[in-house]
Amino acid sequence: MTNNDGSKQFYIATANLLNFANPNRIYYENAPAYDNKAYEHKRRGLTDLLAKAHADIIAVQEVWDSNALEALAVALGFKPEQVVIPLASNDTASPYTQGRGAQHTPAVGIISRFEQLETTLLEEIAPKAVIDIPDIGPHQHFNRPPLILRVDAYGQPITIITAHLKK
């Protein structure tokens with residue numbers, strides 16, 4: 001992360017992981033689960049693709065299971081604890097998922113080499129930003145809440161936001 005000339009820089013990448021889920025997990029009623037072979041093929045393909053970015057921070061979309069994202073992160077040289085994806089958690093203590101991973105729609109996440117300072121989910125749309133959609137009504141909640149992560153990058157707090165804005 002520190003160049004030979006002493007400058008401090010980092011790289012950020014973003015990727016839609018296209019329904020990345022644990023093997024044998026039904027994520028949509030009309031989509032077959034990945035068997036172990038298909039899961040490993042997808043994980044290796046994503047690893048090969050993202051490794052080329054040499055990113056220190058990776059914002060991701062369309063993840064169903066934190067375990068799958070953690071395995072990808074480890075394959076890229078990160079640690080599991082450097083993954084932030086609250087709405088796809090496989091941890092039974094999760095207040096959002098109770099360990100079931102994302103439900104009904106995939107989640108967004110962030111992988112970061114930097115120390116995590118604060119995590120926020122943008123679940124509600126600010127009243128001034130609410131849009132009244134004809135024949136539907138006011139759009140007040142995100143179906144796929146954006147994730148905001150503050151990290152300490154070389155002593156400087158920075159904010160990373162990842163979103164998958166889709167109705």
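**Helix packing and aromatic rings**

Helix 1 passes helix 2 in a right-handed crossing (the near helix is turned clockwise from the far one by less than a right angle). This is a predicted model: local features need pLDDT of at least 70, side-chain atom pairs pLDDT 80 or more, while totals for chains, interfaces and linings use all residues. Residues are numbered from 1 along each chain as its sequence is written, and side-chain values use heavy atoms, without hydrogens and water.

User: Which class of packing angle does helix 1 make with helix 2?
Analyst: Helix 1 (residues 36-51) and helix 2 (residues 66-75) have axes 9 Å apart, at an angle of about 45°. Angles under 35 degrees count as roughly parallel, over 145 as roughly antiparallel, and 65 to 115 as roughly perpendicular; the rest are oblique. Therefore helix 1 to helix 2 is oblique.

User: Is Tyr27 buried or exposed?
Analyst: Buried means under 20% relative accessible area, exposed over 50%, partly exposed in between (1.4 Å probe, protein chains only). Tyr27 has 12% relative accessibility, so Tyr27 is buried.

User: How many residues apart in sequence are the parts that Tyr28 and Trp64 tie together?
Analyst: Tyr28 and Trp64 form an edge-to-face aromatic pair, 5.0 Å centre to centre, 85° between the planes. Ring centres within 6.5 Å pair (six-membered ring for Trp); planes under 30 degrees apart are stacked, over 60 edge-to-face, the rest tilted. Tyr28 sits in the loop between strand 1 (12-20) and helix 1, and Trp64 in the loop between strand 2 (57-63) and helix 2, so the separation is 36 residues.

Definitions and conventions. Axes fitted to C-alpha atoms, helices over the stretch in contact; angles between N-to-C directions. Helix = DSSP H or I, 4+ residues; strand = E, 2+ residues; numbered from the N terminus.
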